[in-house]
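Student: I have a structure to read. Could you take me through a helix and a sheet?

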Amino acid sequence: MAGRHAHISLRRTGGLAGVPMEAALDTRELAPAKAREVLDALGSVDLDRVGAAKDWPQGAADAFRYELKVQREEGTQAASFSERQLPSELEPLVRTLMDQAQPARRREG
Amino acid sequence: MPHRCSLHCILPPDLLFKLARTGDEEVRESALRALSLDHTFRQARAVRAARPAPAPAELGGLLAGVTGGSPQRFIYDEHESEAHVLGTLVRSEGQPPVADVAVNDAYDGFGDTYKFYWEVLKRNSIDDRGMPIDGLVHYGSHYDNAFWDGEGHMWFGDGDGKMLTQTTKGIDVIGHELTHGVTQYTLQLVYQGQSGALNESISDCMGSLVMQYAKGQTAEDASWLIGADIVGPLLRPALRSMKDPRNPNPHGAQPAKMSEYVHTAEDNGGVHTNSGIPNHAFYLVASALAGHAWEGAGVIWYDTMRDPKVKPNAGFKQFAQGTLRAAQQRFGTTSGEADAVRAGWEGVEVL
């Protein structure tokens, strides 16, 4: 999905601590070169298939899980994936978001 | 005291057969006994190989009696890479300490965990067959986590300095992660919902005991905190509190009884949340029994981990019934241990 701007939110759950973390950014608030980098990275990945990649086997524990949401004028895309399934193209974006992430409330129900 | 013969431990079957045919009466008898044991061992191995995850409970003591007592530790430096491959091997079993403290802490923590399982529970490493233990330190950049990958490796992050600091510093954390491996080879608890919360809780219980055993603490001396040595300012004083699950830190409150159970789809159905309930039950049992927690609550929980009646999708109640059964079998139906176990689970509204 192409687009000039995007609002991106990321929620991380799991991990040894089990504390949810959240962060968001809007590409309009980034320097143009950085915004282009983020949008190119998103454009290079099929978000619908990210969660289908090879995951940790049964028996693994305490790994992180991510929920990524990308909102653009054309619509919203969401992806849920483990840290092992994180595509290398999205690693810089996830790192940027997690650097500013804050503990969030647990979602119940 | 039963007669034990070293023939049970070291000789290959061919030589045992030869001794059984040609040795004097005592040697012959020992060789035949050893062959019988060896056959049982091989049968067990064949059965294990045919199962997705091995370690039949009834063989734990037998196998532990055959070999064991020395860990096989391998520590790799991941150089802050997030690639899921082994990095540089920096310290192997028996090698002296290196300049990198994280490497030595991981090595020593593995040693403390192995020692606890071997000396207290007679378990020879994660699979009870002397499985090598791989530690991968300096994984990722500012990675605020440590985890067990289900493939024989524990991964250590250096922490971001806010949530977590250097994760190799936590003996209880290392015991926690390696116990996920033990669970993988015993109960195989499904990492979802109540069975997943039990999986997490068992790791906290054993992780806490690894630390208590290393420090020689009694139940009264222990802090019953998890991860106190690796938390950063956001999560101080600890990741979890088995004594007071509701107040471990400003962001990680857990329920302490069933009426507080949290229904959520996140984190595999709240495995790190609802583990507070069985954690607190363990604390109540250990506190009621007093003294060294590994001698009472610890062995009861471990017996339950090897109980074939406890299924991979076990809920809290099935596991609790397993601990009660284990306490009654090990200590007696009317023992104080059995009473403490029942009261512990009643205290968290599971029984």
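Student: Which elements do the buried residues of H9(B) pack against?

Tutor: First, the terms. Contact means C-beta atoms, placed from the backbone, within 7 Å. Buried means 20 or more other C-beta atoms within 10 Å of a residue's own. Helices (H or I, at least four residues) and strands (E, at least two) are DSSP runs, numbered from the N terminus. Here, the buried residues of H9(B) pack against helices H7 (193–215), H10 (297–305), H11 (316–331) and H12 (336–347), plus strand E7 (240–241), of chain B.

Student: What should I know about the model itself?

Tutor: It is predicted: local features need pLDDT of at least 70, side-chain atom pairs count only at pLDDT 80 or more, and totals for chains, interfaces and linings use all residues. Residues are numbered from 1 along each chain as its sequence is written, with chains lettered from A and ligands numbered from 1 in written order.

Student: Why is H9(B) called largely enclosed?

Tutor: Because 12 of its 14 residues are buried. Among them are Pro278(B), His280(B) and Phe282(B).

Student: What follows H9(B)?

Tutor: Ala290(B), with a positive phi near 60°.

Student: Now the sheet. How do strands pair?

Tutor: Through backbone hydrogen bonds, either parallel or antiparallel. Pairing takes at least two DSSP bridges. In chain A, five strands form an open antiparallel sheet, ordered E4-E3-E1-E2-E5. Its edge strands, E4 (75–82) and E5 (102–103) of chain A, each pair on one side only.

Student: How many bridges join E1 to E2 of chain A?

Tutor: Six, between residues 7–14 and 21–26. Ile8(A) stands opposite Leu25(A) in E2(A).

Terms used
Two residues are in contact if their C-beta atoms, placed from the backbone, lie within 7 Å.
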